[in-house]
Amino acid sequence: FQPNHPPATMDNYDEDAAMIKAIEESLKPQPNQTKPEETLRPLSGLVELHATPFMASSSSETNVKEKWEKAGQDEKRGPIRRGDLSIAAPTDFWYYNCNDEIDRGWGCTYRVMQMVYSNLLNKGVVNPSLPVPTLRNIQETLSNCSGYDRSIIGSRKWLEPPDANAFFRSLKVNGFDTKYNLNSSHSYASAKAKLIVDITYHLNVFKTPIVTDDKYKTFGILGIFREEITDYKMVSDEDPLVLVFDPHIYVSRNLTLDDFRRKDKKVEKVGWKRFSEHFGSPSGKPMGKNWMVYFPCNDGAGMGEEDDDVFVGICGRGCTSMCSIS
């Protein structure tokens, strides 16, 4: 993303090189660092790096963040690959074992919550004097919320989108969680269409990561790109690209690119994937799933209220969101 270089495209953009650069930055010693050098730290700049293939470059702008924020607001700086790009504001990427908190196998939702919190910090939504909460901080906060108790503190309890909603609501951050049924041919088409519209709307308006959970793994969705159909000059919702931040990266020592490209498929993807590849479809393998989804800062007005086969009603815990546990 160099100011004097020609615009990047999906054909010539080197995603691995961009990832390596971000990893190298995360490994540099930090000012007043108190933790050991080998401590795994979150990665910054990945949203901007993955937005690069869709944005034009301008030699008059030298600030990468400023250039990224302006892209899409000016027709002259629109997506290079024609279509509609909706993307979150700058967000740190958190993953297993960051900051010496060992959570492999149970902490994925916590890590996506930390991504959300970093995004809110960058936007000034939460108290700037308070750092991104640790896993224990999250548990301590939840222990004071309705439906929880102190037994959660120090545990390895799995969390889900409704828990993320409860945590952020305790910080006076509005949001709602709901469920999209993608596991049957009857509901797939309507659920898919609504989810794509909701993701696009949320990222355009609120620009926070979206927390998605298939009951086994939790991921962050930070972008969606709906490609233009050239002959009709309109965008297609057939199979858009989604920007996935998968926290299931396990690093025993030094973080490398191989950790993001593991062959055992335990890491789904940190980057762009087809909607059908990530969320699944009735004709594909695996089948589409029931997805729990949390939209931070979004009050849910006009969302999640169309089809009983697609959406679930008010939460059984008595919260005001539309979550999947009722």
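The paragraphs below go through a helix pair, a cavity and the salt bridges of this predicted model.

Helix H4, which covers residues 108-123, and helix H6, which covers residues 161-170, approach one another so that their axes come within 11 Å and cross at roughly 35 degrees. The crossing in which H4 passes H6 is right-handed. On the H4 side the contact is made by Met-113, Val-116, Tyr-117 and Leu-120, and these residues meet Ala-164, Phe-167 and Phe-168 of H6. Sorted by class, the contact between H4 and H6 has 7 nonpolar residues, with no polar and no charged residues.

Rolling a probe the size of a water molecule over the atoms shows where empty space is left. When the whole structure is searched, 1 cavity of 30 Å³ or more is found, and the largest cavity holds about 70 Å³ of space. Its lining is formed by Trp-106, Cys-108 and Thr-109, by Trp-158, Leu-159 and Glu-160, and by Asp-213, Lys-215, Tyr-216, Lys-217 and Thr-218. By class, the lining of the largest cavity divides into 5 nonpolar, 2 polar and 4 charged residues.

The last topic is the pairing of charges. Side chains of opposite charge can pair when their charged atoms come close. With a cut-off of 4 Å between a side-chain nitrogen of Lys or Arg and a carboxyl oxygen of Asp or Glu, the count comes to 6 salt bridges.

Definitions and conventions. Residues are numbered from 1 along each chain as its sequence is written. This is a predicted model: local features need pLDDT of at least 70, side-chain atom pairs count only at pLDDT 80 or more; totals for chains, interfaces and linings use all residues. Side-chain values use heavy atoms; hydrogens and water are left out. Axes are lines fitted to C-alpha atoms, for helices over the stretch in contact, and angles run from 0 to 180 degrees between N-to-C directions. Helices (H or I, at least four residues) and strands (E, at least two) are DSSP runs, numbered from the N terminus. A crossing is left-handed if the near helix is turned anticlockwise from the far one by less than a right angle, and right-handed if clockwise. Contact means heavy atoms within 4.5 Å. Ala, Val, Leu, Ile, Met, Phe, Trp, Tyr, Cys and Pro count as nonpolar, Asp, Glu, Lys and Arg as charged, and the others, Gly among them, as polar. On a 1 Å grid over the protein atoms alone, a cavity is a set of points where a 1.4 Å probe fits but cannot get out, and a pocket is an open set with protein on both sides within 12 Å along at least five of seven lines; lining residues have an atom within 4 Å of a point. Grid points are joined across faces, edges and corners, and a volume is the space filled by probe spheres set on the points.
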